[in-house]
Amino acid sequence: MANTTGGLVCAHHHLYSALARGMPAPPERPHNFLSVLQQVWWRLDAALDLDIIYWSAALGAAEAVLAGTTTIIDHHESPTCIEGSLDAIAAGCALVGVRVIPSYGVTDRWSDNGSLVDVSAHQPMSDGARRGLLECERYITSGREGMVGIHASFTCTNETIAAAADLAERLNVGVHVHVAEGPEDGDAARRLTGLARDNWLLVHCVGLQDDLPGTIVHNPRSNMNNAVGYARPARFTNRVALGTDGIGADMPEEFRLAYVAGRNHDLGFSPETAWSWLTNGWVLAPQSRRDEVVWNYDHMDSPWHLAFTTGTRPIEVSIDGEAVIKEARPVSFDLEEIRRKAAEQAHRLHERLAA
Ligand SMILES: [Zn+2]
């Protein structure tokens, strides 16, 4: 029985989506996973600028630490604002005191003249993908912890995927990539075979049949939200970790969703399995385990208790020995200011989307 844990880890986030809440309805109602991307996320990410990215990251980081999460592994895309985007995310997280391991998710879905295109595997790498790789390289070679991002195989050329894998190898970091989230990416295993390594993060893997090396990141709430189906993560021999795919960073909540989604598929599914996925975050970000979170609940180390206990909240959080939350209130950042500035940027973003 313990009311104290290490800092939790969100193994897949999109901090830029923190300001998506309340965005104008898309021009067409999405009817499948691809149209969710086209109508919502690919319009939103094209409207981001550095101010929006910074305050979105600050708000997402604040919400994370208020939920006991001290490391965010982020996957970012802002095709009209690539250079400096990872710095803006890092600065937004630093304002709060939360650790971030960012990546720029490269893609060839934007042509060099700025229009969305269907990607053929054999076409040459786009300028946007090249600039995204440079952003990853610039950030990581500055001495900070990051990864090389790929959006997903189906929006990338073979040249881009190979270049991302090569860059990651040279920088001695992993690649952070969406894999077989929906049927559009059904060819992901074939595209990534021979390139993926144990230090890669393979996100979603709903339709993945083959063995690829890497950690599989399960995002149960997002998968349900996008109706892509249950990923059945327990079938893999790979390490499995938990992410939110941009819907907050409340990891006990994501653990409970992982449990109940598993149970909905198989009555024999144990909360201990979902718990192992949550605690695998500490393999990916070991420094987070040394942070301290004191909770308002005494059984934070018991999967069978936690699976059935909603509303667990941190009372105290310290990161690297620095107090960030005390008596359930932020002490190292101004939450009201972050909310106010984020709301201003959300207003700008939503106006851009309505234009
Ligand atoms: Zn994602």
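Colleague: How many bridges join β3 to strand β4?

Modeller: Please keep in mind that this is a predicted model. Strand β4 covers residues 99–101 and runs parallel to β3. Within this pairing, Ile-73 has Ile-101 of β4 as its bridge partner. The number of bridges joining β3 to β4 is three.

Colleague: What is the handedness of the β-α-β unit that β3, helix α3 and β4 make?

Modeller: The two strands of the unit, β3 and β4, are parallel. Helix α3, residues 85–96, belongs to the unit together with them. The unit is right-handed.

Colleague: Which residue is the bridge partner of Cys-10 in β3?

Modeller: Strand β2, residues 8–13, also pairs with β3, in the parallel sense and over four bridges. Strand β3 itself spans residues 69–74, and six of its six residues are buried. The partner of Cys-10 in that strand is Ile-72.

Colleague: Which strands stand at the edges of the open sheet of six strands?

Modeller: The order of this sheet is β5-β6-β7-β8-β9-β10, with parallel pairing. A strand at either edge has a single partner, so one of its sides is left without a neighbour in the sheet. The edge strands are β5 (105–106) and β10 (240–242).

Colleague: In β10, which residue is the bridge partner of Ile-216?

Modeller: Strand β9 comprises residues 215–218 and runs parallel to β10. Three bridges join these two strands. The partner of Ile-216 in β10 is Val-240.

Colleague: Is Glu-254 buried or exposed?

Modeller: Glu-254 has its place in helix α8, residues 251–265. Leaving aside residues up to four places away in sequence, Glu-254 touches Pro-220, Arg-221, Leu-242 and Thr-244. A residue counts as buried if 20 or more other C-beta atoms lie within 10 Å of its own. Because Glu-254 has 29 such atoms within 10 Å, it is buried.

Colleague: How far apart in space are Glu-254 and Asp-127, C-alpha to C-alpha?

Modeller: In sequence, 127 residues separate Glu-254 from Asp-127. For scale, the C-alpha atoms of the chain fill a box of roughly 55 × 45 × 40 Å along the principal axes. The C-alpha to C-alpha distance between Glu-254 and Asp-127 is 36 Å.

Colleague: What is the radius of gyration of the chain?

Modeller: The chain has 13 helices and 14 strands. For its 355 residues the globule rule gives 20 Å, and the value for the chain is close to this, so the chain is as compact as a globular protein of that length. The radius of gyration is 19 Å.

Definitions and conventions. Residues numbered from 1 in each chain as written. Predicted model: local features only at pLDDT ≥ 70, side-chain atom pairs only at ≥ 80, totals over all residues. Pairing = 2+ DSSP bridges. Rg over C-alpha atoms; globule rule 2.2 N^0.38 Å. Buried ≥ 20, exposed ≤ 12 C-beta atoms within 10 Å, placed from the backbone. Right-handed = clockwise from strand over helix to strand, strands pointing away. Contact = placed C-beta atoms within 7 Å.
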